[in-house]
Amino acid sequence: MIGFAPSDDQKLMIEASQKLSKALAAKVRDTEKSGLADDLRLAAQELGIGAVHLPEAAGGAGLGLVTSVLLEEEIAAGDPVAAFALGGSAGFGLAVSELGTAEQSNGVASVAGAVAFGEPKPHRERAGLSTIATKKGDAWELRGEKAYVLGADRADQFVVFAQVDESKGCDGIGAFLVDKGAGVKLTSRVRTLGLDAASFGGLELDGARGVRLGNDDKRATLRFFAKHGLLVAARCVGLSRAAFDVTRDYVEQRRAFGKPVAHFQAVAFTVADRLMDVESSRALLWRAAWLWDQNEAELE
């Protein structure tokens, strides 16, 4: 039977995340203007936010995706931009642990990194990526541009996806570990509506030198994006939950014709429909994370 009741350990972690979430909510306007404060980043780091699902060998807690989506939701309910701001380095750790060898992923949770997959424009003549990776001795040389890299300005290392075999299209993509000082140039930061404090930037790779991650086959790449997608979905559920809470409070306070607008059937039914949307999205997310954890447990 599928059960989503949090364990005692998960309850303690959720309570700690809720305290951080309240602190984030109190500073949401300040965060929007000047970015996430260092003390809040440190508090999240001490809680292990973003690394609870990583294997212990990678520096994580090895608690699985269910625990991780629970915590991501709580953080996003306080301030969605904070969840994304804290998630850049976590995405890097997930990418290396899924696509790299045991040696490459050892202790990766403590590294300030970012994942560079998106590009400013698609290739005009074929499927796949415009960024090209060419083998040069024991290393690889990368040339191209990446866009919308979450946390690019705070990263010391990058996981860069690039085209290895142009004849194979999307099947010819590889992942590379690239140091910030190995030929990577940061381009201008991209301004985003509502998520600007999370900081999205671009990269120019003009002969950047990188090491290919040892297990970046197609299945591993799909596995990374599936897991990462669940974490992003958890943040969206948290955002939706926060939006519903604001709406519910507003319709109780806003009055028209001598009574709260929540007492009008059209408004009440609309708000109830949105609550069903939030609850059904959360249930689907938890089920997907639970199924993933169950499947990985069976493979061990």
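**Aromatic contacts in a predicted model**

Author: In this predicted model, a single aromatic cluster is formed by F117, F161, F224 and F225.

Reader: How many aromatic pairs does the structure hold?

Author: A pair of aromatic rings is described by the distance of the centres and the angle of the planes. Ring centres must lie within 6.5 Å to pair. On that basis, the number of aromatic pairs in the structure is seven.

Reader: Is the pair of F117 and F225 stacked or edge-to-face?

Author: The ring centres of F117 and F225 are 4.9 Å apart, with 70° between the planes. Planes over 60 degrees apart fall in one class, so the pair of F117 and F225 is edge-to-face.

Reader: How many residues apart are F117 and F225?

Author: F117 lies in the loop between strand 1 (113-116) and strand 2 (132-136). F225 belongs to helix 7 (residues 218-253). The pair therefore links distant parts of the chain, with a separation of 108 residues.

Reader: Is F176, the partner of W140 in a tilted pair, buried or exposed?

Author: W140 and F176 are 5.3 Å apart centre to centre, with 55° between the planes. W140, in strand 3 (residues 139-150), has a relative accessible area of 13%. For F176, in strand 5 (residues 173-179), the relative accessibility is 0%. Because the limit is under 20%, F176 counts as buried.

Reader: Which residue lies over the face of F84?

Author: A charge over a ring requires NZ of Lys or CZ of Arg within 6 Å of the ring centre. Over F84, the distance from the ring centre is 5.0 Å, and the residue is R235.

Definitions and conventions. Residues numbered from 1 in each chain as written. Predicted model: local features only at pLDDT ≥ 70, side-chain atom pairs only at ≥ 80, totals over all residues. Heavy atoms only, no water. Phe/Tyr/Trp six-rings, centres within 6.5 Å; stacked < 30°, edge-to-face > 60°. Helix = DSSP H or I, 4+ residues; strand = E, 2+ residues; numbered from the N terminus. Buried < 20%, exposed > 50% of the residue type's maximum accessible area, 1.4 Å probe, protein only. Lys NZ or Arg CZ within 6 Å of the ring centre and 35° of its normal.
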